[in-house]
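Please have the sequence and the coordinates open while reading.

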Amino acid sequence: AKPGYVVEGVAEATTSGPAAAPVAEVIPDWGTVLPAADVAAGKTVSGRCEQCHDLSKGGPNKIGPNLYGLVDRARATHPGFDYSSAMKGKPGNWTYDELFKYLKSPAAYIPGNKMSFAGLPREQDRINLIAYLRSNADSPAAIPAPAPKTAAPAAAPAGAAAPAGAAAPAGAAPVAAGKADAGGKPAAPAAAPAAPAAAPAP
């Protein structure tokens, strides 16, 4: 079997055990981040890929497969490259989501694949690189529509009346019977209870 390909300047794990599982993270809203991505910065990041891959149209396979037109290409299908059984055993296309997860830690996302590249931990580096890889094709993959924004809960209108039964403001004292009202006049005393009904005539 061919040895895995190593990217120079990238530290490799010293243990022989399986790679640690990647920490779950929120997938970007591609409809929002791709139009704003820095494609030129992504091209600079791709220089790290070119140690093992050719990115030109019709270019050769090197230690790794040619990456021209990679975005949305079926995985492990570039002609002439001997893919690992681990890569061939994970069907599907190189979608934006799949590239985002794979590029963070190739060994953790597809254990047993040949690439020994440690990955790109910075989210923005991966977004920029994916934007560049998307542009590096005859027909760039479509960018999805931005995800709809969640509406914020409506605030109560100013001056709305307090609901019935609401407590009186703190510090407000109840007005006692017989005390002075706001105009300085004594409040009217409470009405006396009604007299009892007269006894019926014998």
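K101 counts as partly exposed in this predicted model, because its relative accessibility is 32%. The side chain of K101 meets that of E98 in a salt bridge, with an N to O distance of 3.4 Å. E98 has a relative accessible area of 13% and is therefore buried, since the cut-off for buried is under 20%.

**The E98–K101 pair**
- E98 and K101 both lie in helix α4, three residues apart, so about one helical turn separates them.
- In an α-helix there are 3.6 residues a turn, so residues three or four places apart point the same way.

**Other salt bridges**
- How many salt bridges does the structure hold? The count is seven.
- One of them joins E25 and K104, whose closest N and O atoms are 3.8 Å apart.
- This pair links distant parts of the chain: E25 sits in the segment before α1 (30-36), while K104 belongs to helix α4 (residues 96-104), and the two are 79 residues apart.
- E25 is partly exposed, because its relative accessibility is 31%.
- K104 is also partly exposed, as its relative accessible area is 22%.
- R122 and D125 form another salt bridge, in which the closest N and O atoms are 2.7 Å apart.
- With a relative accessible area of 49%, R122 counts as partly exposed, because exposed requires over 50%.

**Helix α2**
- Helix α2 spans residues 39-46, and its buried residues are G42, V45 and S46.
- At the start of α2, D38 places a side-chain oxygen within 3.2 Å of the backbone nitrogen of A40.

Key: Residues numbered from 1 in each chain as written. Predicted model: local features only at pLDDT ≥ 70, side-chain atom pairs only at ≥ 80, totals over all residues. Heavy atoms only, no water. Buried < 20%, exposed > 50% of the residue type's maximum accessible area, 1.4 Å probe, protein only. Helix = DSSP H or I, 4+ residues; strand = E, 2+ residues; numbered from the N terminus. Polar contact = N/O pair within 3.5 Å; in protein donor to acceptor, adjacent residues only side chain to side chain. Salt bridge = Lys/Arg side-chain N within 4 Å of Asp/Glu carboxyl O.
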